[in-house]
Amino acid sequence: MTRANIDDPHHLASAPVVVGVDGSTAAASALTWAAEVALQRGRELRIVHGLDLDGMRKVFGRYDVWVPPVLESVRTQGAVLVERAQRRIELAAPGAPVSTEVTDESPAEILLRHSAAAYLVVLGEAGTNTLPAHLGSILSSVTSHAEGAVVVVRTDPDADDRLRTEGPVVVGVDGSPVSEAALAAAFDEASQRDTELVAVHAWTDMAFGQFAGDPYLLFPVNDIETDERAALAERLAGWQEKYPDVTVRRDVCLSDPATALQRWSASAQLVVVGSRGRAGFRSLLLGSTSNALVQHAHCPVMVVHPPK
């Protein structure tokens, strides 16, 4: 079963998997992950590269960037980059539909533009530019402002930075409308991957470290946990009816969501979260949990934005 919806442009048969490349090792991992998803689901893989000419003008000066030989060299390098990526995929999967695009836009701009109609937008955890501020701006811009689902492909640092292909799909559930969109995506991913779904409900954001003694003695934890388990079961019931092929494990824990999901990322093949959580402000486009995971998880992280 898939989450296809005739009113949802992200799940039309023509919606491609879009991946950004820049020649880095992280982008190569993102390309591999995106290509496997596109091939398995019969979708076009679109490989894109943003030259970021505006950014270059700020660094090197407006005159230098407009010199024709400089522009030609930059564009040639971009074309060679995506051509190599395309050739790599076509050699690995002959006949797979692959297209490329090189534009003057920044990497964030081209990915955001494609997010309006992409099945998935995929990017690596880091790029060729190692400046933390630059990397942070790309990840933050795309994961905060994109439409649909964005996957930040993170590798496992404890396994020689390999992509994990086994383990459950893990989803964070907090009862918010955004979390419902994440549940829809997570059930579909678990079904597509023929694997278990772990629904994690960390039912407090409180830092118990500020209290002296055992928090289980300070609060009626057992009663609260029983109520939270019942609430989680209710939220999952409808989705389990739609996806009877998916085995669901529930994890209700006294923890903040980021810590709980980070722990699960060490064994999961994919973690799915909403772009904002129950405590999110409308002006805060990426919640603290999502932000922490795209920067520190041990596996790919899917950030799901609800339909506009």
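Visitor: Which residues in H1 meet which residues in H4?

Guide: Ala28, Leu31, Thr32 and Ala35 in H1 meet Ala85, Arg88 and Ile89 in H4, where contact means heavy atoms within 4.5 Å. By class, the residues of this contact are five nonpolar, one polar and one charged. Please keep in mind that this is a predicted model, in which local features need pLDDT of at least 70 and side-chain atom pairs count only at pLDDT 80 or more, while totals for chains, interfaces and linings use all residues. Residues are numbered from 1 along each chain as its sequence is written, and side-chain values use heavy atoms, with hydrogens and water left out.

Visitor: And at what angle do H1 and H4 pack?

Guide: Helix H1 (residues 25-40) and helix H4 (residues 68-92) pack at an angle of about 40°, and their axes are 11 Å apart. That makes H1 oblique to H4, given that angles under 35 degrees count as roughly parallel, over 145 as roughly antiparallel, 65 to 115 as roughly perpendicular and the rest as oblique. H1 passes H4 in a right-handed crossing.

Visitor: Moving on, how do H10 and H11 pack?

Guide: Helix H10 (residues 257-265) and helix H11 (residues 288-296) have axes 9 Å apart and an angle of about 30°, and they are therefore roughly parallel to each other. The crossing of H10 and H11 is right-handed.

Visitor: What do H10 and H11 bring to that contact?

Guide: From H10 come Pro257, Ala258, Leu261 and Gln262, which meet Thr289, Ala292, Leu293 and His296 in H11. This contact has five nonpolar, three polar and no charged residues.

Visitor: Let's take Leu293, then: buried or exposed?

Guide: Leu293, which lies in helix H11, is buried, with a relative accessible area of 0%, where buried means under 20%, exposed over 50% and partly exposed in between, using a 1.4 Å probe and protein chains only.

Visitor: What does Leu293 touch?

Guide: Not counting residues up to four places away in sequence, Leu293 touches Arg154, Ala258, Leu261, Gln262, Val271, Val273 and Val301. The C-alpha atoms of Leu293 and Ala258 are separated by 6.9 Å, although the two residues are 35 apart along the chain.

Visitor: New topic: how many disulfides does a search of the whole structure find?

Guide: The search finds zero disulfides, a disulfide being a pair of cysteine sulfur atoms within 2.5 Å.

Visitor: Are Cys253 and Cys299 buried or exposed?

Guide: Cys253 counts as buried at 11% relative accessibility, and Cys299 counts as buried at 1%.

Key. Axes are lines fitted to C-alpha atoms, for helices over the stretch in contact, and angles run from 0 to 180 degrees between N-to-C directions. Helices (H or I, at least four residues) and strands (E, at least two) are DSSP runs, numbered from the N terminus. A crossing is left-handed if the near helix is turned anticlockwise from the far one by less than a right angle, and right-handed if clockwise. Ala, Val, Leu, Ile, Met, Phe, Trp, Tyr, Cys and Pro count as nonpolar, Asp, Glu, Lys and Arg as charged, and the others, Gly among them, as polar.
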